[in-house]
Amino acid sequence: MSVPCPIVFDLDGTLIDSAPDIHACVNTVLRENAVTPLPLDRVRSFVGGGVELLWSRIIAARGLDPADRPVLIAAFMARYHDATALTRLYPGAAEALAALADLGHPMGICTNKPLAATRNVLAHFGLTGFFGAVIGGDSLPQKKPHPAPLHATFAALGAEDAAAAGLFVGDSEFDAGCAAAASVPFLLFTGGYRHTPVEQMAHEASFSDFSQLVRLVLEMRPRVPAG
Ligand SMILES: O=C(O)COP(=O)(O)O
Ligand SMILES: [Mg+2]
């Protein structure tokens, strides 16, 4: 049989719905600074490019002083690094990961979320053992949509030739751009935090429910008997 392909997953908006925790941490910091809180939809629309971009958008939305950015980010990170109480796994995500692991797929995480917060949320949901490589938003100088984090995740899985063999599963424009820049086929989870209509995003296939994922992977990477 052919070797099961490596699969790299995005995290926020793909495996987990973490926007409610991000929203709560943001609003705690805003309240502490006597700034009007932001609605959940607004904060969710700011997620995808990492913590620095999140706060650039919050500062622009609330007309805050950009000079306060480092202090605001530090106050946010003190809460965010272990914030899991309001975060939920998307239905069927854990079952799909287990099924793909049972089929022998090496799996990794490539997220713009900071690494400490990533490791804490993976541990919280009992997912750590599924992933042979975890690259966070602060693991490298570059973040998605730069291709470097995705290349690094596949390399850490021992899959240097990821472009030919691997798959990247994500929810956002940052993921689609990263996959294209890295020449890795992209599976779009349509239930996450994207802004762009599905048909306007570059992707090889899409799914709206994790019960569809294993079949999709097997269709995209059929196991052909060797020889
Ligand atoms: O934290 C973010 O802004 C985005 O994280 P993600 O790359 O897992 O979607
Ligand atoms: Mg995402």
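Student: To begin with, what percentage of the 227 residues of the protein count as buried? After that, please walk me through the marked spot and whatever surrounds it.

Tutor: Happy to, and keep in mind that this is a predicted model. Of the protein's 227 residues, 42% count as buried. The secondary structure comes to 10 helices and eight strands. The radius of gyration is 18 Å, close to the 17 Å that the globule rule gives for 227 residues, so the protein is as compact as a globular protein of that length. Along the principal axes, the C-alpha atoms fill a box of roughly 70 × 30 × 30 Å. If you take the contacts with a separation of 6 or more, 63% of them come from residues 24 or more positions apart.

The chain is divided into two domains: domain 1 takes in 7-17 + 88-220, and domain 2 takes in 19-80. Their C-alpha centres lie 25 Å apart. Where they meet, 13 residues of domain 1 are in contact with nine residues of domain 2. On the domain 1 side of that meeting, four residues are nonpolar, five are polar and four are charged.

Now for the spot you asked about. An unreviewed UniProt entry carries a "binding site" annotation that covers Asp-10, Asp-12 and Asp-171. They span 162 residues in sequence, yet no two of their C-alpha atoms are more than 8.2 Å apart, so they gather at one spot.

Let's start with Asp-10. You'll find Asp-10 in the loop between β1 and β2 (16-17). Is Asp-10 buried or exposed? It has 28 C-beta neighbours inside 10 Å, and the cut-off for buried is 20 or more, so Asp-10 counts as buried. Leaving out residues up to four places away in sequence, Asp-10 touches Cys-110, Thr-111, Val-169, Gly-170, Asp-171 and Asp-175.

That list takes us to Asp-171, which sits in the loop between β6 (167-170) and α9 (173-182). Asp-171 is buried as well, because there are 25 C-beta neighbours inside 10 Å. Setting aside neighbours within four places in sequence, Asp-171 is in contact with Asp-10, Gly-13, Thr-14, Phe-189, Gly-192, Tyr-193 and Arg-194.

From here, let's look at a helix that packs against β1. In α5 (residues 93-102), the buried residues are Ala-93, Ala-96, Leu-97 and Leu-100. Look down the axis of α5 and these buried residues fall within an arc of 100°, so they line one face of the helix. What do they pack against? The answer is β1 (7-9), β3 (88-89), β4 (107-110) and α10 (213-220). Just after α5 comes Gly-104, with a positive phi of about 95°.

While you have the model open, there are some backbone details to look at. Most residues other than glycine have a negative phi, and most peptide bonds are trans. With that in mind, look at Ser-183, whose phi is near 55°, a positive value in a residue other than glycine. Ser-183 is placed in the loop between α9 and β7 (186-189). With 12 other C-beta atoms within 10 Å, Ser-183 is exposed. Ala-34 also has a positive phi, near 60°, and is found in the loop between α1 (19-32) and α2 (40-45). Ala-34 counts as exposed, because it has 6 C-beta neighbours inside 10 Å. Finally, the peptide bond from Lys-144 to Pro-145 is cis, with omega near 15°. Pro-145 belongs to the loop between β5 (133-135) and α7 (148-156).

Notes
Residues numbered from 1 in each chain as written. Chains lettered and ligands numbered in written order. Predicted model: local features only at pLDDT ≥ 70, side-chain atom pairs only at ≥ 80, totals over all residues. Helix = DSSP H or I, 4+ residues; strand = E, 2+ residues; numbered from the N terminus. Arc of directions from axis to C-beta. Contact = placed C-beta atoms within 7 Å. Domains from an automatic or database assignment. Nonpolar A, V, L, I, M, F, W, Y, C, P; charged D, E, K, R; others polar. Rg over C-alpha atoms; globule rule 2.2 N^0.38 Å. UniProt positions renumbered as here; feature names shortened; annotations may be inferred.
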